[in-house]
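This report describes the two chains and the way they meet. Please consult the sequence and the coordinates alongside the text.

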There are 2 protein chains.
Amino acid sequence: MPYTYQYARPALTVDCVVFGLDDEDLKVLLIQRKNDPFAGRWALPGGFVDVGEAPEQAARRELQEETGLEKIYLEQLYTFGEPGRDPREHVVSVAHYALVNIGSHRVRAADDARHAGWFPARRPPPLAFDHKKILRMALQRLRGKVRWQPIGFELLPRRFTLSQLQRLYETVLGAELDKRNFRRRVLKTGLLVETDQTQQDVAHRAARLYRFDQRKYKRLLKEGFHFEV
Amino acid sequence: MPYTYQYARPALTVDCVVFGLDDEDLKVLLIQRKNDPFAGRWALPGGFVDVGEAPEQAARRELQEETGLEKIYLEQLYTFGEPGRDPREHVVSVAHYALVNIGSHRVRAADDARHAGWFPARRPPPLAFDHKKILRMALQRLRGKVRWQPIGFELLPRRFTLSQLQRLYETVLGAELDKRNFRRRVLKTGLLVETDQTQQDVAHRAARLYRFDQRKYKRLLKEGFHFEV
């Protein structure tokens, strides 16, 4: 990094909360730090913003460098700037978050990361810096998002059963939902289109397959809705 | 500001979008810049974050220094960090926003501001930097907020008529609302408590006074709701 004589300013970093879904749980992508401070401790992937680099671009770069994850859609979460949050100096961090399908991405540690891996998002190991606080806010945002924006479109197969959709909501929310209420409410959004197909190759009675109404989905993404769960 | 030899980093600033309500319109607080770049141009109040100062604290300080406004509740909006947004160098700005009652605050220009004043939020004068973009996002956030969080509690008298509440929503949304629908929907939230009092000293038929259910209000602030307007 080029050194220069300038008036003292806070350092600027980015952090990434990448949530991952598999069949069992909501996970979060963590790296094990190679260097001090907090060497050996697990942390959110992230790092310093270069001059001339937009924060979102820096988040993508750091994520790719440290975990190999790329081409995912990151959203800005919040900027954490309390002076004491980094023992080295005053570091302001623009946090981002994302929700991906674990099966479609491979992660591998590199750069400043000794290891990289998926951990239960609600029971993570001890984290470096204020990353527990950042993770908590990201979980809260994700739960809020589920209530006023449709999610899951990118995380489910193109045609899916209502049970698959309910499982996804339950995983994100970390709570069991009443089957009948869930179906009534999700159908009421008008977001789902019933297809004329049913599940194949299942031992039990084959369930109806649905797809998302793409136009309605895009409209609700923009306008928001209220899904009481 | 103290100069130091450090690796080159983006500069960090804050900007404040303070919305104000008066009887006629939704306004935004602007200052006229004294110095280049954009000397003489109107802009959002803001400035550089000092080392050791949290961004929200910097936003409060700059707002107070430039406009005299203090003791208001600022919320973080978004961090704008595209490299080209400031002609001097790469400046990353943490934008904040607030909604206040114009009548309860007095503003006066000072520091880097030649003038300070309230302007129509939807028809502002030409603005410096990317402040038009920041203002647009703040307007969008405010509109969204109205739909999923109760607002207005701090902006109305303790007891108010449904017409006063409707007027507030119409001003924030910049749209006329159907009286009957508005009443039905706002009463359905369970947020309002009918008092046994009516308006005093009015020529027309005195309207019923309502108050907010504070417990319910706090719960909805936290959990969110959906108010179709």
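How many bridges join β1(A) to strand β1 of chain B, and do these strands run parallel or antiparallel, that is, which of the two? The strands run antiparallel, and five bridges join β1(A) to β1 (residues 3–7) of chain B. The model is a predicted one.

## Pairing across the chains

Within this pairing, A:Q6 stands opposite B:T4, a residue of β1(B).

## Symmetry of the two copies

In general, two copies of a chain are related by a rotation about an axis and a shift along it. Here chain A is superposed on chain B by a rotation of 180° with 0.0 Å of shift along the axis, and the RMSD is 0.0 Å. This is the relation of a two-fold axis. The same surface serves both copies, as 100% of the contact residues of chain A recur in chain B.

## The interface

Chain A contributes 33 residues to the contact, and chain B contributes 33 residues. On the side of chain A that touches chain B, the elements giving two or more residues are the strands β1 (3–7), β2 (11–21), β6 (75–80) and β7 (91–101), together with helix α2 (131–148). Of these, β1(A) gives the most, with five residues.

By residue class, the side of chain A that touches chain B divides into 19 nonpolar, 10 polar and four charged residues.

## Overall architecture of chain A

Chain A holds five helices and 10 strands. Its C-alpha atoms fill a box of roughly 70 × 35 × 25 Å along the principal axes. Of its 229 residues, 32% count as buried.

A:W118 is placed in strand β8 (residues 113–120) of chain A.

A:L165 belongs to helix α3 (residues 162–173) of chain A. With 20 other C-beta atoms within 10 Å, A:L165 is buried. Not counting residues up to four places away in sequence, A:L165 touches A:G152, A:L156, A:F160 and A:V186. For A:V186, the C-alpha to C-alpha distance from A:L165 is 9.3 Å, and the two are 21 residues apart in sequence.

## Helix α4 of chain B

Helix α4 of chain B spans residues 179–188. Of its 10 residues, the number buried is one, so the helix lies largely in the open. Just after α4(B), B:G190 takes a positive phi of about 75°.

Key
Residues are numbered from 1 along each chain as its sequence is written. Chains are lettered from A and ligands numbered from 1 in the order in which they are written. This is a predicted model: local features need pLDDT of at least 70, side-chain atom pairs count only at pLDDT 80 or more; totals for chains, interfaces and linings use all residues. A residue is buried if 20 or more other C-beta atoms lie within 10 Å of its own, exposed if 12 or fewer, and partly exposed in between; C-beta atoms are placed from the backbone. Helices (H or I, at least four residues) and strands (E, at least two) are DSSP runs, numbered from the N terminus. Copies are superposed by least squares on the C-alpha atoms of residues with pLDDT of at least 70 in both. Two residues are in contact if their C-beta atoms, placed from the backbone, lie within 7 Å. Ala, Val, Leu, Ile, Met, Phe, Trp, Tyr, Cys and Pro count as nonpolar, Asp, Glu, Lys and Arg as charged, and the others, Gly among them, as polar. Two strands pair if DSSP finds at least two bridges between them.
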